[in-house]
Every structure is written in structure tokens, then in C-alpha cells.
Amino acid sequence: MEGAPAKGVLSHLSLLEVKARSRKTQLQQHSRVMELKAKVEALKTQREQLKAQIQTHQDLQKLRLAMDKQCADEEEENMEEESENSKLLRLMARHTQLKDLLHAHHLIGGYDIIKTRKGKGACVSIATAYEDVFLDTFNLEIDLKPTVKISRHNIPPFIPLNNLAEQNNMQTDLRVFLDTLSKHLNAFAGRKQQLKLVKEKHKSVEVMESNVLCSLLVLLFTVPREKTAVLCTLDYTDHTRCLPTRVHLESEDKQLPDSPQWKKNCTLLMETPVHKALITMKKMGSIA
Amino acid sequence: MEKMSDENTEEVKVLESEIERLQAEVESLQHQQQEINKDITFHYSQQMENALVFMCGQRQEGGKEMVMSRLKEELEELEEDVKLQTEINGITLNSCTTKTLQNSGRKLVQQLSLSGNCSELVFQVEFQLSEIKDSERSKRTIGDLNVVLDSSDLQNFSSFLSRVEESRDLLLFFRTLRTFSDRCDDRSRTFQQFQDKYPSVIALPGGPRSEVMTLNHPKLPGCMLFIHWSVDVSREGVVTPKISLLTKIPERALQLFPSQAVGGAAEAFESLLRILGPEAALESIIQAVSLSQET
């Protein structure tokens, strides 16, 4: 008779165990379901946010295009009933327009003026470039009151800053002074760049002499075959230009500078930037 | 018990596949957003960020009024800045549109289209801009420069324009444009001043922006002096004003008054120019023609 109740207890116990296990599984599954449901909600929110951001950007782009076209066609702004949101979008589009304009001013060689000390001072940058390559930028800190005066700068000493300031009435017309300074700096940067290119691309041509301002250049050419040496002096006396004002040739062969070929080369060197002139001269067989 | 377990497994499966689907959607939207971001080359200011967040439907402190008024303030600052740059650069830009052709971490290539004017000279400029970032510095180059100038003063400018498009010297173009514009403004201001001061003697047949000013005393209708003031631009961008005097005097008058003063006027004017400079030289000629006693 002891078997039957034991069986009953055992089976009851195992029933309880099964119940407990399945409740655990149930709870696990239930919490897993909750977990997954939460994840679904999070992903849905993320998706909606991304969609909203993308839509806003697209609306902004479209509005910007329309505003650009309006500017170009000089149409009257169509200020009919606008929703609050589209007013905000318009402000945002205008923001991007203005940023682009400021960037453009900078790119075309603008002076990027920043007023400092409540208008008593200013900082300007002068960008230089030669042909398609942008080169160094130079900076000036200027006092505007009581008189216009340059307080700090990183302009190289061989550029006559004070002379230029005087000659160009820096007091009355800052822009004209900056334009002249920019001309000098850009011409210097251009001559310097030409010298760099000569050294890089024309190893057969020896640079005998050059100066910091790059206003004097002496090159040694070798005539192919005869191996005659030709000394060429380029004088850039106009410091606002990148082309020489004088070309002088000297050679052991006294006839050479007067030959038609070298007279042509002389003209070429006067009218073409030196690194390009050398390419032509090589092609023509004048130099090695 | 079993049945509930099955149901749960079903639900789990359904949820898991929905999650997979949503993740794929989110990924593709993120990719789309990345593409859009490539076109935006400026970091948005804090106010722009706030506005963006607002537009996406998220509430913020202060609400819409705050976002709008702060953005308006920032816009005013930007407008001031544009005015400042316009004044110091001597160039007015009306529009700038940018198209990003390539934007990979190291290299940025954009196509820019600008329109504006420098005093009376209206331009449209298009160019490609490449920026390559190195570890220490970035290299900026211009590609494919195209310039259209909308103006009547153009013969002097065309050989310079074709040279500058070839060399792609964007900065040289704008520097030269400004100098050329300044010299043209000098001319038209001087011509206008003289016309205002001596209206009976001076005429500007081509208008105030033209190169020619005529001098003629009303009592001597057949005799005319022409001042030709051209502003030349060399291929490399050197701007040179040239002023010369031409006379139109009937043969008969020359025969009656064979004086050097009349016949040799052109050369004499050149000397006068060298000594007195353009304005004073012109004024003395005008006074001579108008037989004026003023000094």
C-alpha cells in the first residue's frame, strides 16, 4: 500500500516540476517577447527619425534651389500664407545661402576681414595663388582707430610694406592698399612657384643664382650636340609682375645670342613664364 | 501549456523577422543620410542644428519661437558679415551654388557657380575646386574655369580673359577685374565731373561709361577735340589707362591758322599729361577750348 501514495507523491512532484519549468520557460519566453517588442519600437522610432531628417534635408535642398533661382531671375518673393514650419525652413535655406556666399568671397581671394575690439581693429588675410594652385596666405592685424596702422603681420621683410602703405593712402582707402599689397605678394608667390617648377621639372637646367624676392634669376643652359654653355639672366624689375622685364644672354659662342633661334628664345622668355618657356626651348632643340 | 509555448515561439519568430526587416530599412535610410551629408560641406552652426532637430518633430526648450528668433539673430550676423566682405573685397556676389562631385575623407571636388558684379561689370564664373587633405596641409587647386563678362567695355579684356581661363588663375581674374573696374570708374567719374562743370563744351557721345569725351566750342562748330581714354589689360593682367587727344579741324581752319598749337595738339597733350597728370591736363585743355578765364 506504500507504493501507491509514493507514486502519487512522485507523480505530483514531477507534475509540479514540469509546471515550474514550463512557467520558467513561459516567463523567459514572455520576457523575450517583451524584449523583442521593445526592440521593434526602438527601431521604428529610429526609422521615423531618419525619415524626418532625410525629408527635412530634401525640403531644404528644394527650397534652396528655388530661392537661388528667384535670386537669379530677380523675382518677387512669394510671401503668401506660409506655415510656421515653412517659415523656419526658409530661414534655414537662407542660412545655407549666406554661408555659401561667405565661402565664395573667401575662395575668390577675398580678404576675410574680421573686425576686432569692437571695431577698433581688424584682421585680414591675403591669399596667393599661381595659375591653378593656391599657395601661401599672409595675415595682417590692423588698428583702425585712432589712425589706420599695421600692428602685426607675417609679410616677408623684402616686401616694402610701409612704402606701400604710404603710397596707397592706407588711411583713406584700406581696400586699395590691400589690392596693391596683394598684387606684390601674388607676383612674388608666382615667381617663387615658377622657380620651384624650374628646379623640379628641368634638371638639365642649372639655377646659378636667385634671390629671396625671386626678382633675379640666372640659369645655365647647355646647347645639345655642341655642349655650349649659355648663361641666361632674367630680371624681374617690376615686382608686381611674374614675367621678366629684361632677358640677357651670354655665351662662349659670341654669335649665339644674336642667332635668330636665340632671339626667338629671348622673346619667348619675356612673354612666357620661365618653366613653360623651357619646355618649348627643349622641344625646339635649343637646350638640353 | 504546450500550446502557449507554441504561440510564444510563433510570436517570437514574427517579432524577430520584423526586427530584421526594420534593421534593413534603418540601414538603407542611414546610407541615404550619409549620401546627403556628403553634399553638405559646412558644419552646421548650433542654431541650424536646433532648427533641424525641431523640424524633425522633436520638442525643445523654448519651443518654436526660441528656435526661430535665435536663427534670425544668426542670420542677421551673417548678413552683416557678407556686407563687410563685400565692402573690403570690392566685389558683390549675388549667388553661389555648389555641387559636390566627390567627397571622400581625403579628397573633395566641387563645382561652383558664382554670379555678381564689380561696380558696373557683371560676371558669371564657374569653376571646379579640388581640395586634397594631407597629414599636415591641404592642397587647393582650380579646374575648368569659365568666365562670362556681361559688359560693353570688353574688347580690351578679351585676350586677358582667354589667358586666365587657360591658366585657371581665379584670383588673378578677380584682382584684375577690380583694378580694371577702378580705372574705368576713374574715367567715368572724371568725364562726368567735367561735363557737369563745362556743359556747353563737353559732350559724352557714348554715354558716361564710354571711352570718348568730346570738346567743342559752340561758336566753332566744325572744330572738335576728342579725348580718347582707354583702359587696356595685357594678357597677364596688367591694367594700363591710356589717354590721347585727337583733333578734328577743317582743312580751311588749319590753313588759316597754321600754328603748332592746333596742328601739333596731340603731341602737346602727351607732354601735358606727363607733367600735370590726367585731370589737370584735361582741365587745361577744356579751359583753352572754352576760352574760359577761370583758373
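Helices (H or I, at least four residues) and strands (E, at least two) are DSSP runs, numbered from the N terminus. This is a predicted model, where local features need pLDDT of at least 70 and side-chain atom pairs count only at pLDDT 80 or more, while totals for chains, interfaces and linings use all residues. Residues are numbered from 1 along each chain as its sequence is written, chains are lettered from A and ligands numbered from 1 in the order in which they are written, and side-chain values use heavy atoms, leaving out hydrogens and water.

## Helix H4 of chain B

Within the helix (residues 158-167), Phe160(B), Leu161(B), Arg163(B), Val164(B) and Ser167(B) are buried, meaning under 20% relative accessible area with a 1.4 Å probe, protein chains only. Looking down the axis of H4(B), these buried residues fall within an arc of 165° (taken from the directions from the axis to the C-beta atoms), so they line one face.

Their cover includes strand S4 (138-150), helix H5 (170-197) and strand S7 (224-233) of chain B.

## Where A meets B

Counting contact as heavy atoms within 4.5 Å, 74 residues of chain A touch 80 residues of chain B.

There are 11 salt bridges between the two chains, each a side-chain nitrogen of Lys or Arg within 4 Å of a carboxyl oxygen of Asp or Glu. One of them pairs Lys37(A) with Glu11(B), with the closest N and O atoms 3.3 Å apart. On chain A's side, H1(A) gives the most, with 27 residues.

Definitions and conventions: Buried < 20%, exposed > 50% of the residue type's maximum accessible area, 1.4 Å probe, protein only.
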